[in-house]
Amino acid sequence: MNKEEQLRIINNAINQTKQNLKPLGYNLVFWSIVVISMSLFHYFFPQIVQFSYYSAAIYWISIPLLGMIYTTNYNIKNGIKVGYETQLDRVIKIIWGVFGFAWIFIVAISLIYKVSPVQDVLFLLSIVLIMTGLIIKFNNVTIGGIGLLIFTAYSYYNPVMNLLLVNVVGLSLGMLVPGLSLYFQKNNE
Amino acid sequence: MNKETEKLLFNPIRLKAISFLISVEKCNFKTLIDITDSTKGNLSIQLKKLNEAGLIDIKKYFHNSYPRTDYSITKKGKKSFEEFFKELKLLK
C-alpha cells in the first residue's frame, strides 16, 4: 500500500461521516406539540387542571417527565440505528441535557416560591434554541430562538398576558415552525 | 511516531477503522463492517490489535437485553493518527 493509497483510504473513511439533523427536528416538533397541547388543555379546562394547587403541579411535571423518558428512548434507539455519534451530536446532546436539568431546577424553585415558571423556562429555551441554531448552522432555528427571546422579554413587561397563551404562541413560532423546517428539509445529511 | 504504530496503520482495514473513528465520537461494530468492507472475524481481530496498542477503546454493554459494542479513539490513538497523517503528507 503506497502513500497515495493510504491518503485515499483516510479521505474516503472520513467522508463517510454524515450529519443527520432529522432526529433533532423530530425532538423539537415533539416537544413543541406536547407543550402547546398541554397549554391549550390547561387554558380551556382550568377546572380540571387546577382543581387543587398540586394537581396543576402534577400535570406540568408528570407529562413532561414521560416525554423525557420517551425522547431519551427515541434518541438511544436512533443512535443505535445510525451506528455512530459525531462530535456535533454529542455537543447537542449535552446542551439539551443541561436544559432538561435546568428545567427541573426552575420548576422545583417555582413550586417552592409559588410563582409561574413559564417565562423563565421560555427564556432558557430561547437561549438553547439560539445556541443550537448557531452550532448546526441552521438559520430557521436561530431566528426561532431570537423570536422566542424577544417574545419572552415582551411578556415580562405585560403582566396581563395569559402565560398559557404566551407558551402557545412562543413555542409555535420559536420551536414548532423551525423544528418542522429542520425535520422536512431535503438535504440535511 | 514509533515504528510499531506505523506498522499497525499499514493494514488497510485498521487504517479505515481508525480514520473513521477520528471523525466520530463513537461507533458500533456494524458501522465499522460497512466502512471497512471487511468480514466480522477479520475486523474483530484488527480492532483487537488496535485496542491492545491503546489506540482505540472498546465498550461492551447491554441495551434491551441485546449485547452492544461501541468503539472510540483514545487520546493516544488521536495523537498517533495525527502524526501518521502529518508524515504521510510530508512524504507525498
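Biologist: At what angle do helix 1 of chain A and helix 5 of chain B pack?

Modeller: In this predicted model, helix 1 (residues 3-15) of chain A packs against helix 5 of chain B at about 135°, and their axes are 10 Å apart. Angles over 145 degrees would count as roughly antiparallel and 65 to 115 as roughly perpendicular; helix 1 of chain A is therefore oblique to helix 5 of chain B. The crossing of helix 1 of chain A and helix 5 of chain B is left-handed.

Biologist: Which residues meet where helix 1 of chain A and helix 5 of chain B come into contact?

Modeller: Helix 1 of chain A brings A:Lys3, A:Gln6, A:Leu7 and A:Ile10, and helix 5 of chain B brings B:Phe85, B:Leu88 and B:Leu91. By class, this contact has 5 nonpolar, 1 polar and 1 charged residues.

Biologist: Is B:Leu88 buried, exposed or partly exposed?

Modeller: One counts the neighbours: a residue is buried if 20 or more other C-beta atoms lie within 10 Å of its own, and exposed if 12 or fewer do. B:Leu88 has 16 within 10 Å, so B:Leu88 is partly exposed. B:Leu88 lies in helix 5 of chain B and touches A:Lys3, A:Gln6 and A:Leu7, leaving aside residues up to four places away in sequence.

Biologist: How many residues of each chain are in contact with the other?

Modeller: In general, the size of an interface is often given as the accessible area lost when the parts come together. Here one may count residues: 20 of chain B are in contact with 18 of chain A. On the chain B side, two or more residues come from each of helix 2 (12-23), strand 1 (26-28), helix 3 (29-36) and helix 5 (75-91). Helix 2 of chain B gives the largest share, 6 residues. That side of chain B divides into 10 nonpolar, 5 polar and 5 charged residues.

Biologist: In what order do the strands of the sheet lie?

Modeller: The order is 1(A)-1(B)-3(B)-2(B), an open sheet of 4 strands with antiparallel pairing. Strand 1 of chain A and strand 2 (56-63) of chain B are the edge strands, each pairing on one side only. Between the chains, 2 bridges join strand 1 (residues 84-85) of chain A to strand 1 of chain B, where A:Glu85 stands opposite B:Lys26. Strand 1 of chain B also pairs with strand 3 (residues 66-73) of chain B over 2 bridges, and B:Cys27 has B:Tyr71 as its bridge partner. Helix 2 of chain B packs on the sheet, with its direction at about 85° to that of strand 3 of chain B.

Key:
Residues are numbered from 1 along each chain as its sequence is written. Chains are lettered from A and ligands numbered from 1 in the order in which they are written. This is a predicted model: local features need pLDDT of at least 70, side-chain atom pairs count only at pLDDT 80 or more; totals for chains, interfaces and linings use all residues. Two residues are in contact if their C-beta atoms, placed from the backbone, lie within 7 Å. Ala, Val, Leu, Ile, Met, Phe, Trp, Tyr, Cys and Pro count as nonpolar, Asp, Glu, Lys and Arg as charged, and the others, Gly among them, as polar. Two strands pair if DSSP finds at least two bridges between them. Axes are lines fitted to C-alpha atoms, for helices over the stretch in contact, and angles run from 0 to 180 degrees between N-to-C directions. Angles under 35 degrees count as roughly parallel, over 145 as roughly antiparallel, 65 to 115 as roughly perpendicular and the rest as oblique. A crossing is left-handed if the near helix is turned anticlockwise from the far one by less than a right angle, and right-handed if clockwise.
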